[in-house]
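Thanks for coming, everyone. Please bring up the structure, and I'll walk through it.

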Amino acid sequence: MAQKDKLAAQRIYLILAALFITSLVVSNLIFQKFFYWYPGNIEVFDAKLFEISVGILPYPITFLITDLISEIYGKKRANQVVVTGIFASFFSMLIVYVANAVPATEWSPVKDSLFSTVFGSTAIAVFASMMAYLLAQFVDIQIYHFWKRLTQGKHLWLRNNFSTWLSQFVDTFTVLFLLCSFGKIEWHLFLGLLLSGFIFKVLVALLDTPFLYLGVYLFRKRFNLKVNEEIDLLDNRDLNRSRLAPKSKHPSQ
């Protein structure tokens, strides 16, 4: 691959990583609001379909991005993005706690009590979410590449959905189990919320499959990639060569 194409691939990778990290951090900041979507009068284990946290909305974006990075850039790059996202989430939580600790002025539009209600009680929930997410993302990447090797890069829909479904179940189960164990959610709601959250994520995973196909198609067209071929991003030697390469002079010089 030409040097300029590698530079373009590097920039796109950074954009995808930024979208991933933003989606992950935001999902941990907004999770305390719950919304409902009732496609029918369906109730499972004392929970209606679907009553779920708004924090679930950005999550499918993160799995779509890691699947796209896994397909185009490989397993190592996908794992790097996940680890970076985890670090960003804990760092954002630290900032929120410092902000919660300092007192608000009398004229502050947001009072201490309101800020604490929205952001102050996130430690256990964020810890549970991060542990669940870390496990789920690594499960997703491992299964994705297992199916990719098994199918020799074919049947993209198979590895996309199978990896996402299992990892989303692991994520939903783990976070609910931890929240119930810490007393944040009543145990009698566990099964209902588990099924409601998992079914919703399965539906979203099915909807994001065409977007993954589109992304893979655009990458392969732009960088002339074959089926199952991955982009090898620039390493330090490539960057050093790029810096040391003589620049072409302007015709007028």
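One term before we start: a residue is buried under 20% relative accessible area, exposed over 50%, and partly exposed in between. Keep in mind that this is a predicted model.

Take phenylalanine 173 with that scale. Its relative accessibility is 33%, so it counts as partly exposed. Phenylalanine 177 is partly exposed as well, because its relative accessible area is 39%. Both sit in helix H6, four residues apart, which is about one turn of the helix. As a reminder, an α-helix has 3.6 residues a turn, so residues three or four places apart point the same way.

Now the rings. The model has 16 aromatic pairs. One of them is phenylalanine 173 with phenylalanine 177: the centres are 6.1 Å apart and the planes lie at 10°, so this pair is stacked.

Phenylalanine 177 has another partner. How does its ring meet that of tryptophan 187, stacked or edge-to-face? The centres are 5.8 Å apart but the planes are at 70°, and over 60 degrees counts as edge-to-face. This pair links distant parts of the chain. Phenylalanine 177 is in helix H6, while tryptophan 187 is in the loop between H6 and H7, 10 residues apart. Tryptophan 187 is partly exposed, because its relative accessibility is 45%.

Step back and there is a cluster. Ring pairs join Phe169, Phe173, Phe177, Trp187, Phe190 and Phe198.

Next, helix H6 itself. It runs over residues 156-181, 26 residues in total. At 1.5 Å a residue it should span 38 Å, and its end C-alpha atoms are 37 Å apart, so the two agree. Just after H6, glycine 183 has a positive phi of about 80°.

What does the record say? An unreviewed UniProt entry places "transmembrane region" features at residues 12-37, 49-69, 81-102, 114-136, 157-179 and 191-219. I compared two of those with the model. Residues 157-179 are 100% helix and 0% strand, with end C-alpha atoms 33 Å apart. Residues 81-102 are 95% helix and 0% strand, and there the end C-alpha atoms are 32 Å apart.

On to packing. The largest nonpolar core has 31 residues. Which of them touch the most other members? Ile69, Ile72, Tyr73, Phe219 and Ile231 do. Helices H1 (3-29), H2, H3 (75-101), H5 (123-150) and H7 (190-223) each supply at least two residues of this core. H1 gives the most, with seven. A separate core holds nine residues, including Ala132, Val175, Cys180 and Phe190.

Beyond its neighbours within four places in sequence, tyrosine 73 contacts Ala9, Ile12, Tyr13, Leu16, Leu68, Phe219, Glu230, Ile231 and Leu233.

Last stop: glutamate 71, in helix H2 (residues 59-72). Is this glutamate buried or exposed? Glutamate 71 is buried, because its relative accessibility is 1%, and the cut-off is under 20%. What does its side chain meet in there? It makes a polar contact with the side chain of arginine 220, at 3.0 Å. Leaving out residues up to four places away in sequence, glutamate 71 also touches Tyr144, Lys148, Gly153, Leu156, Arg159, Val216, Glu229 and Glu230, among others.

That's the tour. Over to you.

Conventions. Residues numbered from 1 in each chain as written. Heavy atoms only, no water. Buried < 20%, exposed > 50% of the residue type's maximum accessible area, 1.4 Å probe, protein only. Polar contact = N/O pair within 3.5 Å; in protein donor to acceptor, adjacent residues only side chain to side chain. Contact = heavy atoms within 4.5 Å. Core = buried A, V, L, I, M, F, W, Y, C linked by side-chain atoms within 4.5 Å. Expected span 1.5 Å × (residues − 1). UniProt positions renumbered as here; feature names shortened; annotations may be inferred. Phe/Tyr/Trp six-rings, centres within 6.5 Å; stacked < 30°, edge-to-face > 60°.
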